[in-house]
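This report goes through one structure, part by part. The sequence and the structure come first, and the text follows.

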Amino acid sequence: INHSYSYGIRVYQGSGVRFGGKHIENTTVKGTHSPVLGSNIFVSSSTMNEVYDCNVSGSVGIGVYIFNSNDCEVGRTEVSGSQTGAAIAIDASQDCLVANNTVINSYDGIQVIAGSTNAMVSGNRVQDNDVGLGNGEGISVESSSQSKVLNNILNGNNRGINIESSDDCFVENNTIMNHVEWGGIRIRTSS
């Protein structure tokens, strides 16, 4: 899929959809810079969907966006060049897994946000994310709970791992190096 308008792939109210081996690039929406419109892969209001072995690049918005969904997985996927959103975002979703992905040269790396619960972010390589005016965070968990960030390698982002306004999160065994603004792990207004 090349030069699509709106979304490269969209799953809405789907269940058990699995797709992989796709090459999706340069998804744009004419006249807008919305991070939702212009997402290369957008899964919303869905259950048990899987995105595996994809190459996602050049999104105007978020590269892979999981919204208001349950039990979804993103794995073994390379995401690069997301211009105004995260490479991978889990938003208002439950029990999602983001594992063994490569996330490079995007606005932000991986985000778990807006009331998401029980997300697992594990085994990802997150590198050189600080494109445009983003925070350039490698991995960010914000306003979420019971998330786990384990065994990731973060290198050369603007910031390392950010846990903010989130409860009962677990961060362990991550390799964090060469960040510009602050390296390491920042925990802010969280318990």
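Cys96 counts as buried because its relative accessibility is 3%; buried means under 20% relative accessible area, exposed over 50% and partly exposed in between, with a 1.4 Å probe and protein chains only. Cys72 is buried too, with a relative accessible area of 2%. The model is predicted, so local features need pLDDT of at least 70 and side-chain atom pairs count only at pLDDT 80 or more, while totals for chains, interfaces and linings use all residues. Residues are numbered from 1 along each chain as its sequence is written, and side-chain values use heavy atoms, with hydrogens and water left out.

How many disulfides does the structure hold? It holds zero, where a disulfide is a pair of cysteine sulfur atoms within 2.5 Å. Cys72 is in no disulfide, and the nearest cysteine sulfur, that of Cys96, is 4.9 Å away. That distance is too far for a bond.

## Nonpolar cores

A nonpolar core is a set of buried Ala, Val, Leu, Ile, Met, Phe, Trp, Tyr and Cys residues joined through side-chain atoms within 4.5 Å. The largest one has 30 residues, and those with the most contacts inside it include Phe19, Ile41, Val64 and Ile139. Strands that each supply at least two residues of this core include E1 (9-12), E4 (41-44), E7 (64-67) and E10 (86-91). Helices (H or I, at least four residues) and strands (E, at least two) are DSSP runs, numbered from the N terminus. E10 gives the most to this core, with three residues.

Another core lies apart from it and has five residues, among them Phe42, Ile62, Tyr65 and Ala89. In soluble globular proteins, nonpolar side chains tend to be buried together.

## Strand E10 and its partners

Six of the six residues of E10 are buried. E10 runs parallel to E7, and four bridges join the two; strands pair if DSSP finds at least two bridges between them. In this pairing, Tyr65 stands opposite Ala89 in E10.

E10 is also joined to E13 by five bridges, and these strands run parallel. Here Asp91 stands opposite Ile113 in E13.

## Aromatic pairs

Two aromatic pairs are found in the whole structure. Rings of Phe, Tyr and Trp (its six-membered ring) pair if their centres lie within 6.5 Å; planes under 30 degrees apart count as stacked, over 60 as edge-to-face and the rest as tilted. Phe42 and Tyr65 form a stacked pair, at 5.2 Å centre to centre with 20° between the planes. This pair links distant parts of the chain, with Phe42 in strand E4 and Tyr65 in strand E7, 23 residues apart.

Tyr65 and Phe67 form a tilted pair, at 6.0 Å centre to centre with 40° between the planes. Tyr65 counts as buried because its relative accessibility is 6%, whereas Phe67, at 31%, counts as partly exposed. Ring pairs link Phe42, Tyr65 and Phe67 into a cluster.

## A sheet of seven strands

An open sheet of seven strands has the order E2-E5-E8-E11-E14-E17-E20, with parallel pairing. Strand E2 (18-20) and strand E20 (170-172) stand at the edges, each with a single partner strand, so one side of each is left without a neighbour in the sheet.

Within the sheet, strands E5 (residues 50-52) and E8 (residues 73-75) are joined by three bridges and run parallel. Val51 stands opposite Val74 in E8.
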